[in-house]
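Here is a short note to read alongside the structure. Take the points in order and find each residue as you go.

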Amino acid sequence: MIEPDERGEGPLRRADRNMLELLQELRVAQTGVQILFAFLLSLSFTERFGRIDEVQRWTYVVTLLLSVLTAGLLVGPAAAHRVTFGHGVKQATVALGQRLFLAGLATLALTLSGAVLLVLDVAVGRGFAVPTAAAVGVVLAGLWFVLPVPLRRNGISPPR
């Protein structure tokens, strides 16, 4: 018999809870990515888009492709859950979803930095856009990946 943990839940119940929490967190991120993707798509149909330079055009292309990759990574956990549903691999599905979500956050930071770079480059110039976009990337990486590290170092174990 499997002993319940300190919450009084066994591995299957914990996996169910972790999947629900993961999917709820993904809903928050997915909405923002969908709006950003729509914004990026609409840019290419504006009059001013035809007047951007080569660097801005490639910044746009890379940022658009990053937004597609981000959307795919953030939809990945839900898709994996659907594909594996009923096959008794919930714990592995949650672990895969966690990895996809973290990769999605990394590409989201790059996508947001690219969008800032593009908009500021067009609006005020490259001299301000490049360091500002780099700062945005550093701040997002700090908030999303560095800030939580002390919690892990202080012995607070991640949810199982």
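**Notes on cores and salt bridges**

1. Start with the largest nonpolar core of this predicted model. It has 11 residues in all: M19, L22, L23, L26, A29, V33, L74, V94, F101, L105 and L108. The largest share, six residues, comes from α1.

2. Next, look for a second core. This core is separate and holds nine residues. Among them are L43, I52, Y60 and A115.

3. Now turn to the charged side chains. The count of salt bridges comes to six. One of them joins E9 and R17, with the closest N and O atoms 2.6 Å apart. Both of these residues are buried.

4. R17 also forms a salt bridge with E21; here the closest N and O atoms are 3.2 Å apart. R17 and E21 are four residues apart in helix α1, so about one helical turn separates them. R17 has a relative accessible area of 18%, so it counts as buried, under the 20% cut-off. E21, at 35%, is partly exposed.

5. Which residue does R126 meet in a salt bridge? Its partner is D53, at 2.8 Å from N to O. R126 lies in helix α4 (residues 126-146), while D53 sits in the loop between α1 and α2 (54-84), so the pair ties together parts that are 73 residues apart in sequence. R126 is partly exposed, with a relative accessible area of 32%. D53 is partly exposed too, at 33%.

Terms used. Residues are numbered from 1 along each chain as its sequence is written. This is a predicted model: local features need pLDDT of at least 70, side-chain atom pairs count only at pLDDT 80 or more; totals for chains, interfaces and linings use all residues. Side-chain values use heavy atoms; hydrogens and water are left out. A nonpolar core is a set of buried Ala, Val, Leu, Ile, Met, Phe, Trp, Tyr and Cys residues joined through side-chain atoms within 4.5 Å. Buried means under 20% relative accessible area, exposed over 50%, partly exposed in between (1.4 Å probe, protein chains only). Helices (H or I, at least four residues) and strands (E, at least two) are DSSP runs, numbered from the N terminus. A salt bridge is a side-chain nitrogen of Lys or Arg within 4 Å of a carboxyl oxygen of Asp or Glu.
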